[in-house]
Amino acid sequence: MASGVPRTKEFPVTDISHAGTDAGKPHPARVYDWLLGGKDNYAVDQKVGEALPEETRGNAVRNRAFMHRAVAWLAKNGVDQFLDIGSGIPTAPNLHQTVQAIAPAARIVYVDNDSIVLRHAEARLTSTPEGVTDFLHADVRQPAAILERANEQLDFERPVALSLFALLHFLPDDQDPYGIVRTLVTALPSGSFLLLSHGTADQHPEWEGKIEAAYEKAAIPLRLRTKSEVEPFFEGLELVAPGLVSATEWYRENPAPAPERSGFHVGVARVH
């Protein structure tokens, strides 16, 4: 992408799935942008967001705060390569800004399947001179293609942090989300990490069925999962403390404040 930064190289962009390219239809990335208070969304996306319980907006912010804490902890502990799938519309501070503020030479590859996200990414995702920030227009349901193309910028002989934030609940069971994650994780070398957040109704029993109904009306598949259904995504990996918890309970460097409901199960796990 054109970033104006010397060592940021442009990827050839190919739409693998042709999904999410119609601005007349709501897209999860743009709905999430609206939930975060962003402006890069359309009336169709706003309509979905407005149909959700009001606290959903606060939960999106709490999930993003977990993302910043998790990637900062990894960067401080020597991880300098990140593959962020389902990146969404850039919202400052972005993942690469948090990481490169700690490790300026870090390399970050973002992935999303919405062409509108691509246009915003091309305009905004600038890297430090020492590092790399790039964007792949691709679909998580094509994990092998993502890995092949990410290999152009990331060295899979060294640890890579794979992040799947607020993404997997948009994959119904019949799209094999567990198999997709296994394919991605299997490609990671020892010392890598999986970072994951997943929507749930466990913390909001009063919302049972309401979130799904709002997305179903917008023709966006949604599969909220319980904690026991999220645990298998980490099969064979070593969850780092505090384990699989609510987004507001994941802290490494400071004691967690009084927990709040977040609507997300989150975890960070090490690849052996």
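Analyst: Start with a definition: buried means under 20% relative accessible area, exposed over 50%, and partly exposed in between, with a 1.4 Å probe and protein chains only. At 22% relative accessibility, Tyr-178 therefore counts as partly exposed. Phe-233 has a relative accessible area of 4%, so Phe-233 is buried.

The model is predicted: local features need pLDDT of at least 70, side-chain atom pairs count only at pLDDT 80 or more, and totals for chains, interfaces and linings use all residues. Residues are numbered from 1 along each chain as its sequence is written, and side-chain values use heavy atoms, without hydrogens and water.

Now the rings. A pair of aromatic rings is described by the distance of the centres and the angle of the planes. Rings of Phe, Tyr and Trp (its six-membered ring) pair if their centres lie within 6.5 Å; planes under 30 degrees apart count as stacked, over 60 as edge-to-face and the rest as tilted. The count by this rule is six aromatic pairs.

Take Trp-73 and Trp-250. Their pair is edge-to-face, at 6.1 Å centre to centre and 75 degrees between the planes. It links distant parts of the chain, 177 residues apart. Trp-73 sits in helix H3 (residues 55–76). Trp-250 sits in the loop between strand S7 (245–246) and strand S8 (264–270). Helices here are DSSP runs of H or I with at least four residues, strands are runs of E with at least two, and both are numbered from the N terminus. Both Trp-73 and Trp-250 are buried.

Tyr-178 and Phe-233 make another pair. Their ring centres are 4.4 Å apart and their planes are at 25 degrees, so this pair is stacked.

The wider setting comes last. The protein chain has nine helices and eight strands. Of its 272 residues, 56% count as buried. Contact means heavy atoms within 4.5 Å. Among contacts between residues at least 6 apart in sequence, 76% join residues at least 24 apart. The C-alpha atoms fill a box of roughly 50 × 40 × 35 Å, taken along the principal axes.
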